[in-house]
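Subject: Structure handover

Hello,

Here is the model I promised to pass on. Please open it first, then read my notes below.

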2 protein chains.
Amino acid sequence: MAQLTQEQRQLIEKIGIYHEQQGFPPVTGRIMGLLYVSDRPHLSFEEIVESLNISKSATSNALQLLQQMRLIEYTTYSGDRKRYFGALLENWHEEVLNKMESILAFSKLLRQANELRGQLNPEMNERVLERIEFLEFLSREVPALMHKWLKERNQ
Amino acid sequence: MAQLTQEQRQLIEKIGIYHEQQGFPPVTGRIMGLLYVSDRPHLSFEEIVESLNISKSATSNALQLLQQMRLIEYTTYSGDRKRYFGALLENWHEEVLNKMESILAFSKLLRQANELRGQLNPEMNERVLERIEFLEFLSREVPALMHKWLKERNQ
DNA sequence: TATTTGGTTCTCTAAATTATGAACTAAAGA
DNA sequence: TCTTTAGTTCATAATTTAGAGAACCAAATA
């Protein structure tokens with residue numbers, strides 16, 4: 001990564017803000033931005049530090065977090081001690097499945113709410129049930145949709 | 001809301017934590033929990049304050065936030081100055097549409113990244129494009145799925 | 001008019017989060 | 001063995017966020 005242009009910097013910030021809104025710390029979001037914007041699919045630790053003007057420690061922690069979340073990976077080359085980090089671009093289908101699981105978990109909480117309510121307010125139970133069923137519908141159909149898309153692509 | 005049972009309290013906390021993970025402050029999430037768990041579809045300001053042992057100011061601010069996000073509403077009764085707050089249960093389809101818009105916005109940022117990269121790394125552009133196209137696919141198909149579901153329900 | 005009620009706004013503190021810089025470690029090279 | 005390199009960990013500072021409590025306000029009641 002030679003030197004970032006003004007345009008690249010701006011786009012990195014936007015991608016960073018998007019990630020912040022998804023719950024990531026700022027530096028972490030910026031690293032994702034950098035990895036998406038970069039000409040090369042992998043950047044060294046040092047390049048990340050220097051391109052974004054952030055500390056080594058912040059970089060180290062952010063990279064660990066992103067690896068745990070399976071959003072980035074790194075490759076190495078023998079005879080070179082550095083690690084080269086890149087966005088894990090093929091991982092989005094895992095992300096979608098995770099998201100759907102979390103939606104399903106929430107629908108289970110709503111079911112519990114209905115159970116606790118028992119017969120005290122059947123009308124409310126019914127309205128909550130409609131929501132539960134939609135959440136379940138989504139977490140069934142979205143993965144199906146995704147597989148359909150994958151199949152069409154890879155044939 | 002008489003007095004919450006231990007089970008109700010526990011479920012409220014779980015629903016609260018789910019909302020925290022979606023980016024809400026704790027009190028705000030607990031209020032959502034309370035409104036989902038409650039026997040009655042609407043609770044007064046005072047009942048919320050007392051059930052959750054939270055301050056009036058925290059309650060006021062959280063209720064404002066939840067209204068802005070269109071997750072709750074309140075009703076009033078003439079001759080009664082109180083407001084009665086309840087979860088906006090029928091609003092989930094709006095939530096889904098918003099989520100899809102935000103995904104689409106992100107895919108536009110990725111498109112920009114590809115544009116800025118130009119011909120410097122066509123292979124990377126291609127991998128990013130695959131992701132973009134999937135995001136676009138989702139934000140087209142999920143609303144369609146939802147409408148299908150709505151139609152089947154309401155006929 | 002004075003008081004109560006229902007809720008909002010303001011000020012301040014406590015807690016949590018984020019990131020820095022320095023110290024450190026382990027491997028590689030001189 | 002001494003030094004450099006690559007990155008991690010630790011202590012701490014800075015910032016942000018969350019929420020409490022008091023003061024406040026407007027409408028309703030006495």
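Chain A is assigned two domains: domain 1 covers 6–87 and domain 2 covers 91–154. Their centres, taken over C-alpha atoms, are 32 Å apart. Keep in mind that this is a predicted model.

Next, the symmetry. Chain B superposes on chain A by a rotation of 180°, with 0.0 Å of shift along the axis and an RMSD of 0.0 Å. That is the relation of a two-fold axis. Within chain B, Gly23(B) has the C-alpha nearest the axis, at 3.3 Å. Both copies use the same surface: 100% of the contact residues of chain B recur in chain A.

Now the DNA. There are 16 residues around DNA strand C, and those that come nearest are Ser55(A), Ser57(A), Lys56(B), Arg81(B) and Arg83(B).

- Val27(A): a backbone N or O atom lies 2.9 Å from a phosphate oxygen.
- Ser57(A): a polar side-chain atom lies 2.9 Å from a base oxygen.
- Arg83(B): a polar backbone atom is 2.5 Å from a phosphate oxygen.

Which elements give two or more residues to this surface? In chain A, they are helix H2 (26–37) and helix H4 (56–68); in chain B, helix H4 (56–68) and strand S3 (80–87). H4(B) supplies the largest share, four residues. By class, the surface near DNA strand C has six nonpolar, five polar and five charged residues.

Best wishes

Conventions:
Residues numbered from 1 in each chain as written. Chains lettered and ligands numbered in written order. Predicted model: local features only at pLDDT ≥ 70, side-chain atom pairs only at ≥ 80, totals over all residues. Heavy atoms only, no water. Domains from an automatic or database assignment. Least-squares fit on C-alpha atoms with pLDDT ≥ 70 in both. Contact = heavy atoms within 4.5 Å. Near = heavy atom within 4 Å. Polar contact = N/O pair within 3.5 Å; in protein donor to acceptor, adjacent residues only side chain to side chain. Nonpolar A, V, L, I, M, F, W, Y, C, P; charged D, E, K, R; others polar.
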